[in-house]
Amino acid sequence: MILAATVTRPSFTGALFAGSALPVAIIVLIVLVVWYVAAIPMNAVLSQPLIDQAGGGLANTLSISWSLPRPVLPAPHQVMAELWNTVFTVAPWRPRSLLYHCWVTLSSTLLGFMLGTILGVALAIAIVHVKALNRSLMPWIIASQTIPILAIAPMIIVVLGSIGLTGLVPKSLISMYLCFFPVTIGMVKGLTSPDPMQLDLMRTYNADASQVLWKLRWPASVPFLFTSLKVAIAIALVGAIVGELPTGAQAGIGARLLNGSYYGQTQQIWAALVAAAVMSSGLVWLVGFIERQVARAMGAKP
Amino acid sequence: MAAASVIEARELSLTFETADGPVYALSKVNLTVHDGDFVSFIGPSGCGKTTLLRVIADLEQASEGAITVNGMTPEEARRQRAYGYVFQAPALYPWRTIERNVALPLEIMGFGATERAERIARNLDLVNLRGFEKKFPWQLSGGMQQRVSIARALAFDPKLMLMDEPFGALDEIVRDKLNQQLLELWARTRKTVVFVTHSIPEAVFLSNRIVVMSPRPGRIIDVIETNFPKDRTLDIRETPEFLKVAHRVREGLRQGHSYED
């Protein structure tokens with residue numbers, strides 16, 4: 001009896017290893033250690049004279065390397081402090097607030113993601129239905145993605161600026177330009193995923209092309225759509241940030257990055273990067289969450 | 001008086017051009033199916049029985065010869081939704097519940113909501129699947145899924161049922177049960193059924209005419225009429241008459257094979 005009780009009760013370490021808490025914690029710890037250690041040699045150019053002045057020694061090395069006002073590589077706690085100061089101590093509608101810049105970037109990300117999804121799906125539907133388009137359009141679509149976005153973004157901004165379009169729209173268009181591609185590729189695959197038997201069935205009903213699309217191809221492509229959307233929303237954010245760089249850096253995560261590098265505010269750069277990463281994972285999680293709800297409604301095995 | 005002919009094939013041939021040269025899937029097939037018939041095509045794989053069914057359904061086109069379905073070309077017949085087709089696999093749409101799978105042809109053909117609901121209930125009743133309306137296909141066994149696909153084919157009430165080895169993937173016990181149910185269904189609904197199988201007992205039990213086919217090139221080598229009572233049960237498989245017919249089918253199949261080795 002005692003033996004049975006011991007066996008069935010999960011031990012504390014067992015519970016830790018069963019979940020993902022421990023592995024995640026270990027990775028975070030490793031990243032932090034590497035980061036702190038790397039900050040010492042990377043900041044040496046700036047910190048060495050100060051350390052010598054203070055009389056050297058390990059304690060001085062660490063405290064000075066990790067607390068420079070404009071470090072080459074800020075220590076994690078410096079980035080956290082910057083995040084705290086720009087998120088919680090400033091009203092979110094003030095340009096000093098990081099949340100304000102997040103919102104600016106997020107709004108063009110979401111608009112670009114929406115436009116990109118619509119364009120991507122529309123292209124995929126056209127390509128699946130018109131054989132000639134597969135040959136004629138696909139090379140252009142692929143070529144469009146081989147051009148570095150950094151090269152084309154300023155041109156888009158300038159061209160649209162000359163016809164009076166500034167602010168949200170040009171940035172969203174750059175986002176769209178990047179994120180339609182995975183949607184097109186995924187949806188071409190998804191819309192052609194029904195097996196021949198399912199298509200033959202539609203033929204025996206004498207179903208027209210739009211019925212085949214909406215009753216068979218579209219529902220069959222939903223898993224492919226969500227996989228593409230997860231990729232697309234992450235690159236939409238990258239597109240929005242890149243789109244902010246040539247606009248004179250007025251607002252947005254991109255502007256924070258650019259400003260930070262102009263004035264050597266590395267904490268500001270890192271804080272903006274962390275904000276972008278958090279937003280990006282949040283968006284991907286959101287798409288995944290919607291995906292699970294849709295899958296359940298469509299009768300997926302739990 | 002002779003019943004009107006539903007399917008008429010004259011000197012029908014179909015050749016697939018492949019990289020390894022032409023494949024003669026069907027060669028000079030002559031066949032008449034009358035209204036109310038239960039006709040089985042039986043033969044080894046590659047004998048063209050499924051191809052012949054697909055030509056009738058306008059899922060393949062013959063290279064030579066003539067074929068009519070209800071007096072029309074197969075394409076016209078398909079456009080008029082003259083037949084219900086049951087595939088080797090259930091081919092249910094996994095994102096639709098059972099009732100919505102049965103509703104699929106009805107939606108496409110523009111039936112109203114009340115008419116749809118009435119037909120779903122009636123046809124699920126017919127295949128003994130009342131109470132499973134809200135389930136998704138993966139929650140049903142293989143035999144139940146195939147019954148759903150039969151209900152789906154019956155839903156728009158076609159006069160002609162084309163069935164391509166519908167029970168091929170099922171175990172023998174389930175197959176026997178479904179054979180019995182299919183026979184009852186046929187007796188009750190007076191439909192014309194064309195049924196593809198590679199099981200001799202299944203063909204003899206179900207059909208009033210058995211078309212024996214042979215491969216390379218795919219052709220008909222014998223047509224056997226049976227005369228079992230309409231209300232027969234699985235027990236007749238033990239009777240001498242049944243065994244005699246089964247023997248003739250087996251002989252036909254063996255003859256067809258003697259060519260190659």
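## B:Phe38 and its surroundings

Not counting residues up to four places away in sequence, B:Phe38 touches B:Leu182, B:Trp186, B:Val193, B:Phe195, B:Leu206, B:Ser207, B:Asn208 and B:Arg209. This is a predicted model, so please read the values that follow as computed from it. B:Phe38 belongs to strand S3 of chain B, and because its relative accessibility is 0%, under the 20% limit, this residue counts as buried. Sequence separation is one thing and distance in space another: B:Phe38 and B:Ala62 are 24 residues apart in sequence, with 23 Å between their C-alpha atoms.

## Aromatic pairs

Let us turn to the rings. Over all chains, the count comes to 14 aromatic pairs. One of them joins B:Phe38 and B:Trp186, with 5.5 Å from centre to centre and 90 degrees between the planes, an edge-to-face arrangement. This pair links distant parts of the chain, 148 residues apart: B:Phe38 is in strand S3 (residues 38-42) of chain B and B:Trp186 is in helix H6 (residues 172-189) of chain B. Both partners, B:Phe38 and B:Trp186, are buried.

Another pair is formed by B:Tyr83 and B:Tyr85, whose ring centres are 6.4 Å apart; their planes meet at 65 degrees, so this pair too is edge-to-face. B:Tyr83 has a relative accessible area of 1% and is buried. B:Tyr85 counts as buried as well, at 3% relative accessibility.

## A ring cluster and two charges

Ring pairs also build a cluster, made of B:Phe38, B:Phe167, B:Trp186 and B:Phe195. Over the ring of B:Trp186 sits the charged end of B:Lys230, 4.6 Å from the ring centre. Elsewhere, B:Arg232 lies over the face of B:Phe205, and here the distance to the ring centre is 5.9 Å.

## Two loop residues of chain B

B:Thr97 is found in the loop between strand S5 (83-86) and helix H3 (98-108) of chain B. Its relative accessible area is 12%, so B:Thr97 is buried, the limit being under 20%. Leaving aside neighbours within four places in sequence, B:Thr97 is in contact with B:Glu133, B:Lys134, B:Lys135 and B:Phe136.

B:Glu60 lies in the loop between helix H1 (49-56) and strand S4 (64-69) of chain B. For B:Leu14 the separation in sequence is 46 residues, while the C-alpha atoms of B:Glu60 and B:Leu14 are 8.8 Å apart.

## Helix H5 of chain B

Helix H5 (residues 142-154) of chain B has 13 residues and reaches 19 Å from its first C-alpha to its last, close to the 18 Å expected at 1.5 Å a residue. H5(B) is mostly covered, with 12 of its 13 residues buried. Among these buried residues are B:Gln145, B:Gln146, B:Arg147 and B:Arg152, along with B:Met144, B:Val148, B:Ile150 and B:Leu154.

What do the buried residues of H5(B) pack against? They pack against helix H11 (196-204) of chain A, together with S5, H3, helix H4 (113-126), strand S6 (160-164) and H6 of chain B.

## Helix H9 of chain A

Over in chain A, helix H9 (residues 149-162) has 14 residues, which should span 20 Å at 1.5 Å a residue; the end C-alpha atoms are 20 Å apart, which agrees. The buried residues of H9(A) are A:Ile149, A:Ile152, A:Ala153, A:Ile156, A:Ile157 and A:Leu160. Seen down the helix axis, the buried residues of H9(A) fall within an arc of 145 degrees, so they line one face of the helix. In general, an α-helix has 3.6 residues a turn, so residues three or four places apart point the same way.

The face of H9(A) turned away from the buried side carries the exposed residues A:Val158, A:Val159 and A:Ser162. Cover for the buried residues of H9(A) includes helix H10 (168-191) and helix H12 (209-244) of chain A. Just after H9(A), A:Gly164 takes a positive phi of about 90 degrees.

## Domains of chain A

Chain A is divided into domain 1 (12-73) and domain 2 (98-297). Taken over C-alpha atoms, the centres of these domains of chain A are separated by 37 Å. Where they meet, 7 residues of domain 1 of chain A are in contact with 6 residues of domain 2 of chain A.

Note on methods: Residues numbered from 1 in each chain as written. Chains lettered and ligands numbered in written order. Predicted model: local features only at pLDDT ≥ 70, side-chain atom pairs only at ≥ 80, totals over all residues. Heavy atoms only, no water. Helix = DSSP H or I, 4+ residues; strand = E, 2+ residues; numbered from the N terminus. Expected span 1.5 Å × (residues − 1). Buried < 20%, exposed > 50% of the residue type's maximum accessible area, 1.4 Å probe, protein only. Arc of directions from axis to C-beta. Contact = heavy atoms within 4.5 Å. Phe/Tyr/Trp six-rings, centres within 6.5 Å; stacked < 30°, edge-to-face > 60°. Lys NZ or Arg CZ within 6 Å of the ring centre and 35° of its normal. Domains from an automatic or database assignment.
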